[in-house]
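Thanks for making time this morning. I have one structure to walk through, and I will keep to what can be computed from it.

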Amino acid sequence: MIHHRRLEGVVVKGNEEIKTDHLILAAGQSAEDTYGRLHKLGVQLEPKPFAIGFRVEHPQELIDAIQYGKWRGHPDLPPADYFLTARLPQMNRSVYTFCMCPGGSVIGCSSEERTIVTNGMSRYRRGSPYANSAVVVAVQCEDFDDTAPHPLCGLVFRRQWEEKAFVLGGENYFAPAQGLVDFMKDSEGTAVNRTSFAPGVKPAMLREALPLFAVEALRQGITEFDRKMRGFITEEATLIGVETRTSSPVRILRGPDSQSVNVSGLYPCGEGAGYAGGIISSALDGIKAAEKIAP
Ligand SMILES: Cc1cc2nc3c(=O)[nH]c(=O)nc-3n(C[C@H](O)[C@H](O)[C@H](O)COP(=O)(O)OP(=O)(O)OC[C@H]3O[C@@H](n4cnc5c(N)ncnc54)[C@H](O)[C@@H]3O)c2cc1C
């Protein structure tokens, strides 16, 4: 509830009203409904750059062999990881790996029906035979809307590709997947390697799962990765799509006092508000907001 640019309370589940003049709003980046509601209420929002791409999965043994060479399999060595970046000045883009999960799994993280969103995780022992990582390209606001950008245009852009992945995956929550070599050559493979993704994957032409500029940038970036980490491009690697939740595509504008620039008493924070990415920075952002309210 907002009155004369001041927060006066919140309505919970449409029926319970709580009067308050301070609200820390940390709804995460999947709360599309909340961002739509804030926009309707006139809270100032703006689109922000983020990154999109796929998950790439290799056998962990192969990553160990590339990274450790003759020491691979040594009992004192953990499952190997990597972090790769490629700058593409001609395209004015960068491609990078993100959230690499040694001995982990690619997991489905859809927050809306009829969408596919991938992410990755490792369990404590990092004992799975697979290594996966996001491989993503940075996207700018001009990529979603080259006219006067609507504050929620990044969310619309993101949703479009998540829905496309659902269709390419067969509309049953299987993820679309393609051998990395086939993706690089743009050739249609009929089968893909076994993957860790549950419930399963469906072979697809992943060039259809992202905008063309992203596909071209990923191909160039992955070529560069293979120069830095020989053997990265291999028949044993699989791409699974789509990775779209690297960070929030929208920001709730706030001032140095951590309050919304046009609604006092509203403290947007964490990843969904566009000021953090990842567990620690989101948690710290929340602590800072609390300190502003009760120093
Ligand atoms: C599979 C996976 C693996 C990850 N691994 C890592 C990692 O290894 N390291 C790392 O740093 N980050 C990781 N992340 C990212 C990390 O989880 C987020 O960056 C972080 O959780 C963001 O914190 P947050 O508090 O801003 O939002 P969130 O953790 O998303 O919390 C938002 C909360 O608000 C709730 N909410 C939303 N709308 C409403 C509403 N209307 N009413 C009531 N409640 C609502 C949501 O249910 C949620 O509980 C991972 C993410 C995923 C999905």
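This is a predicted model: local features need pLDDT of at least 70, side-chain atom pairs count only at pLDDT 80 or more; totals for chains, interfaces and linings use all residues.

Start with the domains. The domain assignment gives domain 1 as 2-47 + 250-293 and domain 2 as 50-243. Their C-alpha centres are 31 Å apart. Domain 1 puts 9 residues into the contact, and domain 2 puts in 9 residues. On the domain 1 side, the elements that give two or more residues are α1, residues 32-40, and β6, residues 45-47. The largest share of that side is from α1, with 4 residues. By type, the domain 1 side divides into 4 nonpolar, 3 polar and 2 charged.

Next, the ligand. Where does it lie relative to domain 1 and domain 2? Both domains give residues to the shell around the ligand, so it lies between them. There are 19 residues around the ligand, and those that come nearest are Gly-28, Gly-270, Glu-271, Gly-278 and Ser-282. Two elements give two or more residues to this shell, namely β11, residues 118-122, and α7, residues 279-293. The largest share, 3 residues, comes from α7. As for residue types, the shell has 10 nonpolar, 8 polar and 1 charged.

As background, nonpolar side chains tend to be buried together in soluble globular proteins. Here the largest nonpolar core has 44 residues, and Ile-52 and Val-137 have the most contacts inside it. Elements that each supply at least two residues include β7, β9, β12, α4 and α6. Of these, α6 makes the largest share, 6 residues. Take Val-137 and leave aside its neighbours within four places in sequence. Val-137 is then in contact with Ala-51, Ile-52, Gly-53, Arg-93, Val-95, Ala-214, Ala-217, Leu-218 and Gly-221. There is also a second, separate core of 20 residues, which includes Leu-7, Val-250, Ile-252 and Leu-266.

Is β13 mostly covered or mostly open? It is mostly covered, with 5 of its 5 residues buried. In a regular strand the side chains alternate between the two faces of the sheet. For β13 both faces are covered: Ala-175, Ala-177 and Gly-179 are buried on one side, and Pro-176 and Gln-178 are buried on the other. β13 pairs with β14, residues 201-203, in the parallel sense over 3 bridges. In that pairing, Ala-175 stands opposite Val-201. β13 is also joined to β15 by 3 bridges, and those two strands run antiparallel. There, Gln-178 has Leu-239 as its bridge partner.

Val-43 is in the loop between α1 and β6. Is Val-43 buried or exposed? Val-43 counts as buried because it has 22 C-beta neighbours inside 10 Å, and the cut-off for buried is 20 or more. Apart from neighbours within four places in sequence, the contacts of Val-43 are Leu-38, Ile-252, Ser-260, Asn-262, Val-263 and Leu-266. The C-alpha atoms of Val-43 and Ile-2 are separated by 9.5 Å, and the two residues are 41 residues apart along the chain.

Most residues other than glycine have a negative phi, and most peptide bonds are trans. Which peptide bond that ends at Pro-199 is cis? The bond from Ala-198 to Pro-199 is cis, with omega near 10°, and Pro-199 is in the loop between α5 and β14. The peptide bond from Gly-241 to Val-242 is also cis, with omega near -5°. Val-242 lies in strand β15.

Two residues other than glycine have a positive phi to mention. His-4 has a phi of about 50° and sits in the loop between β1 and β2. His-4 counts as exposed because it has 7 C-beta neighbours inside 10 Å. For Arg-114, phi is near 60°, and the residue lies in the loop between β10 and β11. Arg-114 is exposed too, with 11 other C-beta atoms within 10 Å.

That is the tour; I can take questions now.

Key
Residues are numbered from 1 along each chain as its sequence is written. Domain bounds come from an automatic or database domain assignment. Two residues are in contact if their C-beta atoms, placed from the backbone, lie within 7 Å. Ala, Val, Leu, Ile, Met, Phe, Trp, Tyr, Cys and Pro count as nonpolar, Asp, Glu, Lys and Arg as charged, and the others, Gly among them, as polar. A nonpolar core is a set of buried Ala, Val, Leu, Ile, Met, Phe, Trp, Tyr and Cys residues joined through C-beta atoms within 7 Å. A residue is buried if 20 or more other C-beta atoms lie within 10 Å of its own, exposed if 12 or fewer, and partly exposed in between; C-beta atoms are placed from the backbone. A residue is near a molecule or strand if its C-beta atom, placed from the backbone, lies within 6 Å of it. Two strands pair if DSSP finds at least two bridges between them.
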